[in-house]
Structures are given as structure tokens and as C-alpha cells.
Amino acid sequence: MKNLLKVSVVVTLCCLMLAPGAKSAGIAERPSARGPAPRAYRFINGLWLSGGSFKARTTYSVGGVFRMSYRGKVDETIDLGGKFVVPPFAEAHTHHFMEGMDYRSLIDDYFARGIFYAMNTNSLKKLSDPIRSYFNKPEGIDVIYANGGLTATGGHPVQIYDYLAGQNILPGMSREDMKNQAYFIIDNEADLDSAWGIIKAGKPDFIKVYLEYSEEYQARKDDPKYYGKKGLDPALLPRIVARAHADGLRVAAHIDTAMDFHNALVAGVDIMAHLPLARITDADARMAASRKTIVVTTTMSHRKTDHVSGLDDINRHNLRLLHGAGVRLAVGTDDNSRTALAEAENLHRLGVFDNLTLVRLWSEASAQAIFPGRKIGLLEEGYEASFLALEGNPVDDFSNVKRIAFRFKQGHVIGAPGARAGSK
């Protein structure tokens, strides 16, 4: 696995590599988005995930879309050889895919893990724009960006970008340069009015906001010992959310405490970028369900947790409560030393979900959380023709999610050694 270049602006200071030991999938030849339209494929002898089970059927990809029947010309028939077909996986909280990172290896590594969709929840537009053309097409990972997040003076993640500037990790960018790029300081409505034009001009795909111990906002506000350990005024957050929603932008909230979770819910945020590091209440779980709030798992986050006693039990409590209430969950890590595979494996270890539920959570629910306007995450008529074919049944043995034999994205074969051995 190749090291990323040190200009990574991740939200952790030490995690500038992908998961140790990861290997490239050898995915060197990819179809060009400027090339001809997708070919028409017939897939035979596959066991396709449908509802709660795998079902044998013949499926077609026509114009990059699934068809359950097709009478037109088929360019190629591919025999899936009894493999288990699932939707592609997704990463709902990352800071990958920026200039300075080895984005070509990142694309290969994500494809190797079967992760086709990603959500970058804080980045510098200056670093993401130069490489955006490599993403959001059949041969690249589909990525959305928040650009810089909204926080308070001295709030998280200001301390991270101050460090990066101080160490000259982003050459030519001083601490002052980070403002209105890596983050936006919003202490009051006047700041919001002043910054919103710049924020909107950056064309973010969504807005990121930071709450950190919001129940102690007043106590931490002007105390230098809480540098990097505070966030927005929770009383201001509803106004930020209303402004974003008026411009058609979803809002994702960094949270830490159970009160952060509550305050973000009351403000109307669309996505909780983390599970809180404390037990949430039944009432808040029900509110999240009723408001269709998405909660990203991040049980493997880089956040410091040495002050938290019984973190596994807290995570189990919150996950069970949220799932039981019908809250929409999505799999994400917030840790650039890992990908969503590590998060999915940790969720499996926690034992909250059965294997079928976890597979559907990582594929169907997570993809749809990132791209709610697209027909993805299901292997059904009219949905984008993207899937993974696994060597074994992941419902019987969850580790089979790593045994990917074949990858197909938006009507294109994603090449890997032996992937086309069953072609006819």
C-alpha cells in the first residue's frame, strides 16, 4: 500500500495512510467516461440479493441501468458462476480524495474493497478541485465534498489546520490562509451573513457544521484551554441549517456528546457525522427517526476516547436504540488510516446486527445516504447497474464481503485479475 503524500488535510494529525497492509487491486485499465456508451450485458448464473435472500436470476445491464428482461442486442454474456451478488459498498465519512494524496491508488484501494461511493466531510476546495475530474464517473469513485466546515473561534478543527500550517505540511498556506478555506468562523449571525456568499460560491455538495460539548458552549467559548475542544453556538445552529436548506444543501454535524446529538436534532441537521460518545435517549432516537436523520456509525473514528469508559457498550446501546427506532444508519469511519471495511468489520464484532442487516446497511443504506437523489443501492429494475459478485455468501459468513471476484459500475466492468474469466 502506497503512502499518501504529506499534504493530506485529514481531520487527524497522524493518519495519513490507508489501512496498513492494503494492496492495490491491479485495476489499471478502466473504461473512459468519454468513450462509447456502456455495452449491453447479460449476466447469468448469479445469486442476486433481493430483499432478505439471494435469488438465482438472469439480469441485464442496458445503458448502465439494470433490466430484468431485455429483447435487444446483447454485446456480451458474463457467467457469474454461482457467485453472490450484492450492491457496492459505501464510505459515509472520510477525508480522502484530495490533491496531494495518491488518489490513483486510493481509487484502486477503494475498488479493491468494493467501495464505490464516498462522502468527504471536510476538505479544502483548493485541494479537491484539481482532481475532481478523476471521480464521479464509471472508472472512479463517486465522491461528494463539504469543502470547509463551519465552527466557532478556536473551535474544532481549527487546531488541526493550525498544526498543518505550522509544520508547513501545506506548502505556501499559512494559518491565516486556512480561514474561509479549511474552515469558516461563525460566531454570530453577522459572521454567517458575511461568510455565506463565500461558502456558497465554493459549490459544496453539502454543509459541515461542528458541535463539540455544546452543553458547555458558554463556559468554553472564551477559555483558551478549550482551543480545538469546542464548536458552534448551538443557538446559532438552527439559523445555519435554515440558510443551507433554503439553498438546497443538506447539513452534516460533527458531534461528540449526547447533548450535541440532541442540539443537532433540534436544529434540524440532516446527517449526524458521528455516533456520540455517550448514551443517547429514547426520545432523541425517536426524534431522529421521525425527522429521517441519517446517523453515521464511526465506531472506528480517530477521535480520542481514552476518557470514555465502556465505549463498546455505549456504541451497542446507541446502535440498538437507533436501529430499533427505525433511524437511517450509514457506515463511515472518519479515519484516514482505515476505510469503511474496517468499520463494517467492527460493527460485525459488536454484534448488534445480523449479517444480512449489516450487508444491507453497508451497501443499500450507506450509498443512498450519500446520494439520495440517485437510484443506487438496489439490484432492481431501473437502478444504476453497479454490483459486486462475492465468492461466498456474506449472510452465512460476513468475511465473504472481502472475497470480491467481480466488480461492475454503471454499466462498465471494473477490471481486476481474473474478473472476466466467466465471459462468453
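Mentor: A pocket here is an open set of grid points with protein on both sides within 12 Å along at least five of seven lines, and its lining residues have an atom within 4 Å of a point. Keep in mind that this is a predicted model.

Trainee: Fine. Which residues line the second largest pocket?

Mentor: The lining consists of H323, V327, R328, L329, F353, T357, R360, L361, E364 and A365. Two elements, β15 (328-330) and α12 (355-370), each give two or more residues to that lining.

Trainee: Which one gives the most?

Mentor: That is α12, with 5 residues.

Trainee: How much space lies in the second largest pocket, and how do its lining residues divide?

Mentor: The space comes to about 180 Å³. In the lining, 5 residues are nonpolar, 2 are polar and 3 are charged.

Trainee: Switching to the sheet with β6 in it. What is the strand order?

Mentor: The order is β6-β7-β8, in an open sheet of 3 strands with parallel pairing. Since β6 (89-94) and β8 (142-145) stand at the edges with a single partner strand each, one side of each is left without a neighbour in the sheet. From one strand to the next, the twist averages 10 degrees.

Trainee: How many bridges join β7 to β8?

Mentor: There are 4 bridges between β7 (residues 115-120) and β8. As for facing residues, M119 stands opposite I144 in β8.

Trainee: Which helices pack on that sheet?

Mentor: Helix α1 (residues 103-112) is one of them, touching β6 and β7, and its direction makes about 120 degrees with that of β7. Helix α12 packs there too, touching β6, β7 and β8, with its direction at about 50 degrees to that of β6.

Trainee: New topic. How many cavities of 30 Å³ or more are there?

Mentor: The structure holds 2. The second largest cavity has about 30 Å³ of space, and P88, Y117, I376, G377, L378, E384 and S386 line it. Those residues divide into 4 nonpolar, 2 polar and 1 charged.

Trainee: What about confidence: what is the mean pLDDT?

Mentor: The mean is 90, and 89% of the residues reach 70 or more.

Trainee: And where is pLDDT under 50?

Mentor: Residues 1-34 are one such stretch, although the model gives them 99 contacts beyond near neighbours in sequence. Residues 417-424 also stay under 50, with 18 contacts beyond four places in sequence.

Technical notes:
Residues numbered from 1 in each chain as written. Predicted model: local features only at pLDDT ≥ 70, side-chain atom pairs only at ≥ 80, totals over all residues. Heavy atoms only, no water. 1 Å grid on protein atoms, 1.4 Å probe; cavity = no way out; pocket = protein on both sides within 12 Å on 5 of 7 lines; lining within 4 Å. Points joined across faces, edges and corners; volume = space filled by probe spheres on them. Nonpolar A, V, L, I, M, F, W, Y, C, P; charged D, E, K, R; others polar. Pairing = 2+ DSSP bridges. Axes fitted to C-alpha atoms, helices over the stretch in contact; angles between N-to-C directions. Contact = heavy atoms within 4.5 Å. pLDDT = per-residue confidence, 0-100.
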